[in-house]
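Welcome! Let us take a guided walk through a protein structure, one piece at a time.

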Amino acid sequence: MAMHVLLVLFFLASSILAKPILPIRAQGAAGDGSKAALAAAGANSFRTWDVDGKTGELLDEAQKHGLKVMLGIWLGHERHGFNYTDFNQVTKQREKVRKAVEAHKDHPAVL
């Protein structure tokens, strides 16, 4: 019985997730090249790896050119010394993510 329920849930989830969540088919690039050139080439989006003091300007430029942005937020990597068992490191990282989301979540260019 439990296996049957799991299979039903799996198929329900699969059918739900197979539908597009957003009405956009991403055609774009990554990096920080010319957004005007990207739009002129037919792209509709691009992605970033992290947020910083220039992210607001970047989002405004994207909107100006009709582009959407998949904002990345850089997270610590254990191979680079981040310790997920260190409460202070995790708390600091969580706060960084929270601030980034709060700062940019309502911008119309954000996917």
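Predicted model: local features only at pLDDT ≥ 70, side-chain atom pairs only at ≥ 80, totals over all residues.

Which residue does Asp50 form a salt bridge with? The partner is Lys96, and the closest N and O atoms of the two are 3.4 Å apart. Asp50 sits in the loop between strand E2 (45–47) and H3, while Lys96 belongs to helix H4 (residues 87–104), so this pair ties together parts that are 46 residues apart in sequence. Lys96 also counts as partly exposed, because its relative accessibility is 32%.

How many salt bridges does a search of the whole structure find? There are 3. One of them joins Arg98 to Glu95, with 2.6 Å between the closest N and O atoms. Both residues lie in helix H4, and because they are 3 residues apart there, about one helical turn separates them. Arg98, at 43% relative accessibility, is partly exposed, and Glu95, at 32%, is partly exposed too. Another salt bridge links Asp106 with Lys105, where the closest N and O atoms are 3.3 Å apart. Here Asp106 is exposed, with a relative accessible area of 64%, whereas Lys105 counts as partly exposed at 43%.

Now turn to the strands. An open sheet is formed by 3 strands in the order E1-E2-E3, and their pairing is parallel. At the edges are strand E1 (28–30) and strand E3 (68–70), each of which pairs on one side only. On average, neighbouring strands of this sheet are turned by 20° against each other, direction ignored. Between E1 and E2, which run parallel, there are 3 bridges. To find your place here, look for Gly28, which stands opposite Ser45 in E2.

Finally, let us look at the nonpolar side chains. In soluble globular proteins, such side chains tend to be buried together. In this model, the largest nonpolar core has 12 residues, among them Leu38, Phe46, Val51, Ala62, Val69 and Ala109. Which helix gives the most to this core? That is helix H3 (residues 55–64), with 3 residues.

How values were computed:
Residues numbered from 1 in each chain as written. Heavy atoms only, no water. Core = buried A, V, L, I, M, F, W, Y, C linked by side-chain atoms within 4.5 Å. Buried < 20%, exposed > 50% of the residue type's maximum accessible area, 1.4 Å probe, protein only. Helix = DSSP H or I, 4+ residues; strand = E, 2+ residues; numbered from the N terminus. Salt bridge = Lys/Arg side-chain N within 4 Å of Asp/Glu carboxyl O. Pairing = 2+ DSSP bridges. Axes fitted to C-alpha atoms, helices over the stretch in contact; angles between N-to-C directions.
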